[in-house]
Amino acid sequence: MSESNLTPGSAGIQSHLPGQPATVTGAAETTGGIMSGNFIESDIDDELFRFNSDDTPLMNLMLRAKRVKVNSPEVDHYMIDEARSHLTVISELPAQTQMNAVLPLGPQDQNLPRPYSTLLVKGVDGFSPDGQSITPGKELMLFVTGQDPTTNNPVVRAVNGKKTQKEDEFSTIPKIPAGTRIVILANSLYETQKEVDPDLIVPQPTRVYLQKRGMNQVVSDYFESQRKRIPFSKAIIAEQAIANFKVRGNRTLWAGRSGKFKLNIPRMGLQYVYCTEGLRWQFKRELMHKGKWTVEDVIALAKMFFTGEDVPKTALLLAGKNLLEQIQCIDFSKHPEIQIITKVNSVGWSVTNFHTVFGDIEIKREPTLDRLGWSNSGALIGENRLVHYVYSAEHSFSDRVEGEEATRNGILIWDALALKGSCHIWIDGDSDKSTDGAFSFKMWSEKTAPTDLVAGEIYYLTADCPGIDKNAVTGQMWQVINTINSEGDETLGWKLYNGEIELG
């Protein structure tokens, strides 16, 4: 439509187009060729424009965790576990003819059995009260009489061992094979005794650094005074800055590496910078699991989580997208006893809840794991086993920028997140090597033994595996070891793993 078709108004200006409806297209074409698409001001989707709080699940868990106010950016953190309950015999103790014998234990076990303690020897049968016949299934019990000054190992005698004569006051100790597991029981005192060695628990701390994080936004006075094409406000800008601050902080909570160093700041001199250790590197148990998941795998995971020395109230699995897909695709048709429901948990999230006889596992996707390259991995966490250390509580500030017509608004927080206890399990489906210092294991569900073995690897059996050993049954752990074959060559073999899960 050309300008010549316009008619003048009372002032003689060509501004009227008689007989035409007022449409966007028509009005745009009468204003110097401005196209209708440029005449319209676009709207924005407020819901999509704002980040969802579900994008930072770990940070939300941190804000709900036990909050500990500290007076230093360096904290000695104690991942305290329950007291040790098992010992391992490191070399064979032959059958004895004397009443007392020195029990060969490793250096880490020697001081745990104190005098007057009783010990149950797993897999070694005891004898009847007259000491003449073996009692199958009723295991041998030892009594600690003292410590050997040369080896520092405990000196023991048998409570229900073999007797030469029925009338003997004492019994002898039968053979105890190397690798035998021994359970620490209560002490047993003599008639008038009231003093025993105290239990000295000296937990080993790890140094946790609290990281100072900050977010600034600077808005010029000119920007604030304009009527902008899209009606941004201070609140929307601040919300987006905070969302970005949270997302990056959530990545740090997962994957940050611990560090402390100095920077030379103009007019301020040398100052320390602290970097906190991400939760990923704090796990002391790692399940190396790639590929398809089965019902047996989930049940075994629940068993290991809920039946250790440290038993949490809840199990929350924060999973990458591929791990979540694998678990969702499990065929549960042969296991009607396992219930799978969607529910809203105590945090307020919609989660997939797996109910097993050992306990419930709540599963939620953690988008940050995908961004970090851990889409096949996840973290099984006891929600009530997190500690939020705070040196400086989160606070905001608003200052005028010196020498500029602008205002600086910001947030500062100085904190760290740490795991408490030993229940937590990292499921690693993305790497081939376990984390240094962590107890790692794999699951095995075949009758044949795994190939491509590496000495030290530990396998948790979800099915009987005669290929490993005729006695290898479901629920056991077997470790790959170096052995010597009949020709005298070194080769790889298997042994039943009865050791403790290391906590570093």
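Is Phe143 buried or exposed? Phe143 is buried, at a relative accessible area of 18%, where buried means under 20% relative accessible area, exposed over 50%, and partly exposed in between (1.4 Å probe, protein chains only).

The model is a predicted one, in which local features need pLDDT of at least 70 and side-chain atom pairs count only at pLDDT 80 or more, while totals for chains, interfaces and linings use all residues. Residues are numbered from 1 along each chain as its sequence is written, and side-chain values use heavy atoms, with hydrogens and water left out.

1. Aromatic pair at Phe143. A search of the whole structure gives 14 aromatic pairs. Rings of Phe, Tyr and Trp (for Trp, the six-membered ring) pair if their centres lie within 6.5 Å; planes under 30 degrees apart count as stacked, over 60 as edge-to-face and the rest as tilted. Phe143 pairs edge-to-face with Tyr116, at 6.1 Å centre to centre and 70 degrees between the planes. Tyr116 sits in the loop between β6 (100-102) and β7 (117-127), and Phe143 in strand β8 (residues 134-147), 27 residues apart. Strands (E, at least two residues) and helices (H or I, at least four) are DSSP runs, numbered from the N terminus. Tyr116 counts as partly exposed because its relative accessibility is 27%.

2. Other rings. Trp444 and Tyr459 also form an edge-to-face pair, 6.1 Å centre to centre with 85 degrees between the planes. Trp444 is in strand β24 (residues 439-444) and Tyr459 in strand β25 (residues 458-461), so the pair ties together parts that are 15 residues apart in sequence. Tyr459, at 4% relative accessibility, counts as buried. Elsewhere, ring pairs link Trp254, Trp281, Phe283, Trp374 and Trp426 into a cluster.

3. The structure has 14 salt bridges, each being a side-chain nitrogen of Lys or Arg within 4 Å of a carboxyl oxygen of Asp or Glu. One of them joins Arg257 and Glu277 (3.5 Å, N to O). Arg257 is in the loop between α6 (234-255) and β13, and Glu277 in the loop between β14 (269-275) and β15 (285-288), 20 residues apart. With a relative accessible area of 52%, Arg257 is exposed. Asp428 and Arg280 form another salt bridge, also at 3.5 Å, N to O. Here Asp428 belongs to strand β23 (residues 425-428) and Arg280 to the loop between β14 and β15, 148 residues apart. Both Asp428 and Arg280 are buried.

4. In the salt bridge between Lys343 and Glu362, the closest N and O atoms are 3.3 Å apart. Lys343 lies in strand β17 (residues 339-344) and Glu362 in strand β19 (residues 360-365), so this pair ties together parts 19 residues apart in sequence. Lys343 is partly exposed at 28% relative accessibility, whereas Glu362 is buried at 10%. Salt bridges that share partners also join Glu74, Asp76, Arg207 and Lys260 into one network.

5. Helix α8. Leu323, Leu324 and Ile327 are buried in helix α8 (residues 321-328). Seen down the axis of α8, its buried residues fall within an arc of 100 degrees, so they line one face of the helix; the arc is that of the directions from the helix axis to the C-beta atoms. An α-helix has 3.6 residues a turn, so residues three or four places apart point the same way. The buried residues of α8 pack against β16 (315-319), β18 (350-355), β19, β20 (378-381) and β23, with contact meaning heavy atoms within 4.5 Å.

6. Helix α4. How many residues of helix α4 (residues 57-64) are buried? The helix is mostly covered, with 6 of its 8 residues buried. These are Pro57, Leu58, Met59, Asn60, Leu61 and Met62.

7. Surface features. Phe261, Leu263, Ile265 and Met268 make up a nonpolar surface patch with about 360 Å² of accessible area together. Patches are made of residues with over 30% relative accessible area and no salt bridge, like charges being joined within 9 Å and nonpolar side chains (Val, Leu, Ile, Met, Phe, Trp, Tyr) within 5 Å; areas come from the Shrake-Rupley method with a 1.4 Å probe, and for residues only the protein chains shown count as cover. Phe261 is in strand β13 (residues 259-265) and is partly exposed, at a relative accessible area of 38%.

8. Asn71. This residue is in the loop between β3 (66-69) and β4 (74-77). Asn71 is exposed, with a relative accessible area of 73%. Asn71 and Val390 are 319 residues apart in sequence and 8.6 Å apart in space, C-alpha to C-alpha.
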